[in-house]
Amino acid sequence: MAIIERPEASPATTPEYVTPSASMGFLRRPVETTGWKSWAFTVDHKKIGIMYGVVAMLFFFVGGLEAVLIRAQLAQADGTILSADKYNQMFTMHATTMIFLFVMPMAAAFANYMIPLQIGARDVAFPRLNALSLWTFVFGGIFLNTSWILGGAADGGWFMYAPNSSVPFSPTNGVDFWVLGLLITGIASQVGAINLIVTVLNMRAPGMSLMRMPIFTWMAFVVQMLLLFAIPVITVALFLLMFQRNFGATFFSVEEGADPLLWQHLFWIFGHPEVYIIVLPAFGIISEVLPTFARKPLFGYPFVVFSGAAIGFVGFGVWAHHMFAAGLGPISVAVFSVATMAIAVPTGVKIINWTLTLWGGKLWFTTAMLFAIGLIVQFTIGGLSGVTHAVAPSDTQQTDTYYIVAHFHYVIFGGAVLGLFSGIYYWWPKIFGKMLNESWGRANFWFMIIGMNLTFGPMHIIGLQGQPRRMYVWTENRAGEGFFNLGFWNLVSSVGTVILAIGALLFLVNVWVSRKNPPAPADPWDARSLEWITTSPPKEHNFDRTPTVHALDEFFHRKYEDVGEDGQHDYKKVATGEEVIAEEEAHADAHIHLPSPSYWPIVLALSMPILAYGVIYSTLLIVAGAAIAILALFGWALEPPTAPDDDFDPPSPDGDEPSKELVANV
Amino acid sequence: MSDATIDPDATTDDTTHVAPIHDDTIPAGYDDGNDHIGLAPHHTTTGLSNTKLAMWMFLGSECLLFGGLISTYMLYRNRQGDAIGPDQLWDIPFTSATSFVLLMSSLTMVLSVTAAQRKDDRRTRLWLTVTALLGGLFLSGQVYEFTVFYREGLGYTTSLFASSFYTLTGFHGVHVAVGIIMLLSLVAMLAKNRLIGDKAETVEMIGLYWHFVDVVWIVIFTLVYLIPA
């Protein structure tokens, strides 16, 4: 928000306090640098990233609580903790919360925070749109969860298959909340995707060619491309469902001659890319973590990049493997079966690359590294069971059993969530300037890894034994005998959930015990990429001097010099991270403009849940929401993204701190 | 690996040749493009302005939105049961005329963009207004058409064909309406000189959106009206 003026060669970074004139549209812009206003109206990608992360973590525990209730219900035969109705709501909201309100926003948190730092930019391309994405997601998530107290949550599963989602089968407003909530969070993803794509393509520091981009930025970029083209498809599906439920259309009513498979196609054309939207950010994170802690470059960087892009492309061509049991006909099934097997190839390439990155490295088993290695192992298990689904005849046996549940939890928890935790431990000192406790971190990791295997491992068995998904009870007389007794394995799974939940809580404990840790060193991990060429936490303007990039792993190459001879490589440390940063600070840019905070993103975001409540309850609210949206849009359009120079107080000549109060009655 | 010269851009695992570290090869006064975020179109990595790139990305995703709606219509276009169907409803000459009006609005939009690039504010505003009027004419035609269809017995919930037809053309109509609002706002902001950033580029961006909406209509008109049921 600040304009930073400083004398040549002086790395002073204190922003001057400013007094806005009335030059920003029809409201003076916010100038607070502390307190809640500095967060609510910020356009700083770092603050936005942190808020994304905090809110996502909150929803992680909400979704986790729902999971615990589900497993408590299934721990014993004929469970009585949840009614059938509540159970349906529970598993629907568990999946919806974990996917849309935890994994995606958590990945967005890292993408927001890290992409500008990794490509050497001072902010994203459209800082106000970035704030809009955040607040739209936050309000959408809250809106979705208010359904719990407004007549019950959605109960059709996260895929919300038609015609089950129609009013006769789901008469509460739960599905309406779900539809509108996902439309709102979809806007957040869509706006964020456009913003980050433009940022990656357009805002790179000098020398930062595409093939020098840190691998996390690459994977996050592929994810944004997937979002860009997948979100509109689910938007269509959601609108059709909304018109069906609220305005009497019959898009999915079989009795009117409709084809309920239309929903499945639209949903999975979005839904399968969504799988890669969930997991690719984690792939990117561990592709940063593994080389750092193996003290080796990422093996085959171009292969990791292009296999990521290949996953993105092929990911749009395999959706019907979710529908093998729907009667698509042999040709469709064969084509999608083969395509699905093909997508295992680029995924396998990545696993090979990670393994060979570790091979021969001097491994340093930090918590971040443990989570990264955990991902390789657990995700591979999930990937292998995934290949068994690709084989259509085998899949028809597994469809709608717990075997599928086992598979996607190994992929989503073992892949995405472990990767995100790896990122949290790796970048915590970057973001907050202090380390997380490693002992608590290791406990966090081991509880989670043991918990997840106990929870999801037995589901392979109970699934192949025939226990269906989404059944709110199982009965003793059908549980089977001996080793394959469903009762035993259901109990193991539920006990595992408790261990997993303790593991997740240990993370909070770790955050608490680490809160007073001393400041972390500038380069605690001997890291490799550009985001470390600045202080931790980074200054508001990220880099004192926009770094010039000469190589992939720029930071590493500034610290190490190749002293090998005859084509052999032998890297010798010639500078510490602190020295590299000091060198940059010594050449600080003199005049840096940052985008100004704004009221309008949060106001515009606020209009969306009001509109959505209006669709459910009252036209009056629609009018109110639309009025707020129009006000915000025009306020936004009339306000320059960066305050002009004459909108700032001139620096006080005698060195007094200028007033930061708004000028009254100008 | 041989010790032959290695392309500095090559980035295979451990063969990267490192350029000298602190060479100051960037020209003095290099503008990193971040100094006025969103306002400095000429210093981006690709050379395209951020706004233009973002607009293209947005339009790319809009293709998928209309793709989904068009697919839904194509699936349901003959499912009207005993109710009134497309053959009894379409008035091809009338819809051709409104389509022509919409396409002509693309021409006036282009005239507006070139006027803006010549910094001719008066003509820019004039052609923007004409574009908005032509868009409004098209929308009025659509409203008239919907009214006629409704009187002939095609309500929104009459049949699958009816719902998918009104949903598809309705979404397009909303896009046109949003376009008209943007055009008129642009005229007002130009008149009051309240436009932020590069005027010509802003006009061009609205133009991109407007042309996209027109192109989508060509697809819709062909698939919905011209292909016999």
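Predicted model: local features only at pLDDT ≥ 70, side-chain atom pairs only at ≥ 80, totals over all residues.

Chain A has 18 helices and four strands, while chain B has six helices and zero strands. The two chains touch, with 63 residues of chain A and 49 residues of chain B taking part in the contact.

**Chain A as a whole**

- Its radius of gyration is 26 Å, close to the 26 Å that the globule rule gives for 666 residues, so chain A is as compact as a globular protein of that length.
- Buried residues make up 56% of the 666 in chain A.
- Take the contacts in chain A between residues at least 6 apart in sequence: 81% of them join residues at least 24 apart.

**Chain B as a whole**

- Reading from the N terminus, the elements of chain B go α-α-α-α-α-α.
- Of its 229 residues, 32% count as buried.
- For contacts in chain B with a separation of 6 or more, 75% come from residues 24 or more positions apart.

**Where the chains meet**

- Chain A brings 63 residues to the contact and chain B brings 49 residues.
- On the chain A side, at least two residues each come from α5 (174-202), α6 (215-247), α7 (261-294), α8 (301-314), α15 (554-559) and β4 (591-593).
- Which element gives the most to the side of chain A that touches chain B? That would be α6(A), with 10 residues.
- Sorted by class, the side of chain A that touches chain B holds 38 nonpolar, 16 polar and nine charged residues.

**Helix α14(A) and its partner α13(A)**

- Look for helix α13 (residues 438-464) and helix α14 (residues 486-513) of chain A: they pack at an angle of about 160 degrees, with their axes 7 Å apart.
- Angles over 145 degrees count as roughly antiparallel, and α13(A) and α14(A) are therefore roughly antiparallel to each other.
- The way α13(A) passes α14(A) is a left-handed crossing.
- The contact of α13(A) with α14(A) is made up of 23 nonpolar, 10 polar and no charged residues.

**Helix α14(A) and its partner α2(A)**

- Helix α2 (residues 45-74) of chain A also pairs with α14(A): their axes come within 9 Å and cross at roughly 160 degrees.
- That angle makes α2(A) roughly antiparallel to α14(A).
- Here, too, the crossing is left-handed for α2(A) and α14(A).
- By class, the contact of α2(A) with α14(A) splits into six nonpolar, five polar and one charged residues.

**A lysine to look up**

- A:Lys47 sits in helix α2 of chain A.
- Is A:Lys47 buried or exposed? A:Lys47 is buried, because it has 20 other C-beta atoms within 10 Å, and 20 or more is what being buried takes.
- Once you set aside neighbours within four places in sequence, A:Lys47 is in contact with A:Trp39 and A:Thr42.
- How far apart in space are A:Lys47 and A:Ala637? They are 23 Å apart, C-alpha to C-alpha, and 590 residues apart in sequence.

Technical notes
Residues numbered from 1 in each chain as written. Chains lettered and ligands numbered in written order. Axes fitted to C-alpha atoms, helices over the stretch in contact; angles between N-to-C directions. Parallel < 35°, antiparallel > 145°, perpendicular 65-115°, else oblique. Left-handed = near helix turned anticlockwise from the far one by under 90°. Nonpolar A, V, L, I, M, F, W, Y, C, P; charged D, E, K, R; others polar. Rg over C-alpha atoms; globule rule 2.2 N^0.38 Å. Buried ≥ 20, exposed ≤ 12 C-beta atoms within 10 Å, placed from the backbone. Contact = placed C-beta atoms within 7 Å.
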